[in-house]
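Open the model in your viewer and keep the selection tool ready. Each stop below tells you what to select and what to look for.

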Amino acid sequence: TYDVALELGACGHVFAEGHRIRLAVSPTYWPNAWPSPSAATLEILTGQRSRLELPLLGETGPTPSLEPAEASPPLPDSDPRVERDREIVVDAETGRHEIRDHQVDGRTIAGTGVRYTEEWGDTYTIVERDPLSATVRCERETRSESSGHPWRVAVSAEMACDSDDFLVTEAYSAHEGEHEVYARTREYRIPRDHV
């Protein structure tokens, strides 16, 4: 058994009278933290020796008084367009979870008429009770179709793992019109080092 102390410096809550607190523990926080190489089970020891101690606001020091944040004027652009969607797909039969996050941000630079678009997508996949199935794929593209010189730059990366290493594949490309002016793909391994 272990005593666990967690910093809660950026976390706070006002509990209404009569409300209860539920404590849950997990060996991972997918997709915000990569899971351990093998499935783990955590248990909370209950009984007289167990307790949850939460600090009170008065115990953490005075609340700082901050001035309102400064804001700069917006960049001179026009016709901004932002589209974002997020989808979570769970296969109840296989236990496969997939999170798909996608965004397109397009705008025209005022005074120039140049239009550019930034597009990105992230896909996180894992199968329940199989931490070595975790993968993440990230794709980024910036392009400009307007003016007489259309161009496009794209990057994609995927990370998977085995019990010893993280396995990374990256691909980069740059295009001027339909002509590819640069392309590179690389693969490498990063030791997990107890992660």
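## Stop 1: Valine 82

Start by selecting valine 82. Leaving aside residues up to four places away in sequence, valine 82 touches Gln103, Val104 and Asp105. Valine 82 sits in strand E1. The C-alpha atoms of valine 82 and glutamine 103 are 7.2 Å apart, although 21 residues separate the two along the chain. Keep in mind that this is a predicted model.

## Stop 2: Salt bridges

How many salt bridges does a search of the whole structure find? The search finds 16.

Select aspartate 105 and arginine 107. They form a salt bridge, with 3.4 Å between the closest N and O atoms. Are aspartate 105 and arginine 107 buried or exposed? Both are buried.

Next, select aspartate 162 and arginine 189. Their closest N and O atoms are 2.6 Å apart, in another salt bridge. Aspartate 162 lies in the loop between strand E5 (151-161) and strand E6 (165-176), and arginine 189 is in strand E7 (residues 179-191), so this pair ties together parts 27 residues apart in sequence. Aspartate 162 is partly exposed, at 23% relative accessibility.

Move to glutamate 170 and arginine 186. This salt bridge also has its closest N and O atoms 2.6 Å apart. Glutamate 170 is in strand E6 and arginine 186 in strand E7, so the pair links distant parts of the chain, 16 residues apart. Glutamate 170 counts as buried, at 12% relative accessibility. Arginine 186 counts as partly exposed, at 32%.

Finally, select Glu87, Arg96, Glu98 and Arg100 together. Salt bridges link these residues in a network.

## Stop 3: The core

Select Trp30, Trp34, Ile99, Tyr124, Ile126, Ala134, Val136, Cys161 and Phe166. These nine residues make up the largest nonpolar core. Strand E3 (115-127) and strand E4 (130-144) each supply at least two residues of this core. Zoom in on alanine 134. Beyond residues up to four places away in sequence, its contacts include Trp30, Trp34, Ile126 and Cys161.

## Stop 4

Select cysteine 138 and cysteine 161. The structure holds zero disulfides. Cysteine 161 is buried at 8% relative accessibility, whereas cysteine 138 is partly exposed at 26%.

## Stop 5: A surface patch

End with a nonpolar surface patch of about 1200 Å². Its residues include Tyr2, Val4, Leu6 and Phe15. Phenylalanine 15 lies in the segment before strand E1 (77-91). Phenylalanine 15 is partly exposed, at 44% relative accessibility.

Methods
Residues are numbered from 1 along each chain as its sequence is written. This is a predicted model: local features need pLDDT of at least 70, side-chain atom pairs count only at pLDDT 80 or more; totals for chains, interfaces and linings use all residues. Side-chain values use heavy atoms; hydrogens and water are left out. A disulfide is a pair of cysteine sulfur atoms within 2.5 Å. Buried means under 20% relative accessible area, exposed over 50%, partly exposed in between (1.4 Å probe, protein chains only). Patches are made of residues with over 30% relative accessible area and no salt bridge: like charges are joined within 9 Å, nonpolar side chains (Val, Leu, Ile, Met, Phe, Trp, Tyr) within 5 Å. Accessible areas come from the Shrake-Rupley method with a 1.4 Å probe; for residues, only the protein chains shown count as cover. A salt bridge is a side-chain nitrogen of Lys or Arg within 4 Å of a carboxyl oxygen of Asp or Glu. Helices (H or I, at least four residues) and strands (E, at least two) are DSSP runs, numbered from the N terminus. A nonpolar core is a set of buried Ala, Val, Leu, Ile, Met, Phe, Trp, Tyr and Cys residues joined through side-chain atoms within 4.5 Å. Contact means heavy atoms within 4.5 Å.
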